[in-house]
Amino acid sequence: MTIKMFVSKFESEIKSQDDWNPEPFDFLIDGELVRMSLEEFLLAKGISAEKILEIEYIRAVAPRKQEEPSLHNDWVSAVDGSNSKFVLTGCYDGLGRIWKAAGSCTHLLEGHTGAVTSVCVVNPRVAQDGADQIVATASKDRTLRLWKFDADEPSDQIKRIRAYKILHGHNASVQSVAANPAGDMVCSGSWDCQIALWQASGSDTGDVVSVKKRKKDAEEEDPQVEEEAKSTLVGHTQCVSTVVWPQDEAIYSASWDHSIRRWDVELGKDSLNLYCDKVINCLDVGGEGSALIAAGGSDPILRIWDPRKPGTSAPVYQFSSHSSWISTCKWHEKSRFHLLSASYDGKVMLWDLRTAWPLAVIDTHNDKVLCADWWKGESVVSGGADSKLCISSDVCVL
């Protein structure tokens, strides 16, 4: 019995349905995804052809639809799809953008004087209907900005908004921003080698200065607020390229100094220090027990560590199908097996820990892919040096 025969048998059973459409499937044997012929798999595993095998089939994880690209004025450097109502992007033209769907930009975030390098949705699951959504942006202008808008507000034209809070304190380009799960704090990583922690909600009169916006049509707009960092985490010796804040008590960071660190927020000290022999551009925490650390950098290899395993700093998984630097990696929120990666090779790849080969390769970009994320659990959003936001939908992960 071959896998091809198995597919044919399954399809013959469902063809009787009036609304039948061809559906791709993947197959598992003993918990491992089969990415070759059955004969090759048996030889590779040393399994006798006489042995009875139990083969499990699952829907293939691959996009079934490509939306029309959403064009920007410059490189799309950052994207966040954590809120199902919209996609947030950052661009080298200094603007943030809110997209309700492909080609449908509803808000422009204006104010940065340099390229936007990173964006994040602050507490995407807490904002209730009718409440303002808060998002954060980081920039080469050495600042972070916080913005409020109504994600449910109907609009037939693009609305331009300005930040309600400007965060000052870094001495160099800010490369990454992330919010804590509670949604009341954000952290940032910078070329100044530091990680800064900031208040996201409310205002603290201890170190806040009110400033006025520029006048428009002789009318003075609402005041903005400038604020300094609450604290800083010091230890990296080169650019802090990425920060993530998956638990309120712990921040993870990656750096060009070849290290990945986990910081105790209360103590302000690192409790984990992993070394990689490459510059690290990106990392994310997720997978089994929300404990696996995925990272990519200045080579084509996506590496995954399990810090729960004592006495070792070696990755537990390595995926090497890209052909250039890895710019982004992101775990799927509801799966312990699946994650994506993006690369300067112009491709986004979808991965399953149960196989060493990518489940799907998305090549909708014609230049370097700089950022990517999951959206609504079933779509992949990505941006790149081709100035496009691409949405690949109907990805059946669960």
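Let's start with a definition: two strands pair if DSSP finds at least two bridges between them. Strands themselves are DSSP runs of E with at least two residues, numbered from the N terminus.

This is a predicted model, where local features need pLDDT of at least 70 and side-chain atom pairs count only at pLDDT 80 or more, while totals for chains, interfaces and linings use all residues. Residues are numbered from 1 along each chain as its sequence is written, and side-chain values use heavy atoms, with hydrogens and water left out.

**Stop 1: a pair of strands.** Select residues 185–190, which form β16, and then residues 194–199, which form β17. The two run antiparallel and are joined by five bridges. Now click on glycine 189: which residue in β17 is its bridge partner? The partner is isoleucine 195.

Stop 2: Zoom out to see an open sheet of four strands, in the order β15-β16-β17-β20, with antiparallel pairing. Color β15 (174–179) and β20 (231–234): each has a single partner strand, so one side of each is left without a neighbour in the sheet. From one strand to the next, the twist averages 20° (axes are lines fitted to C-alpha atoms, and angles run from 0 to 180 degrees between N-to-C directions).

**Stop 3: two cysteines.** The structure holds zero disulfides. Cysteine 282 is buried (under 20% relative accessible area, with a 1.4 Å probe and protein chains only), at 4% relative accessibility. Cysteine 329 is buried too, with a relative accessible area of 4%.

Note on methods: A disulfide is a pair of cysteine sulfur atoms within 2.5 Å. Buried means under 20% relative accessible area, exposed over 50%, partly exposed in between (1.4 Å probe, protein chains only).
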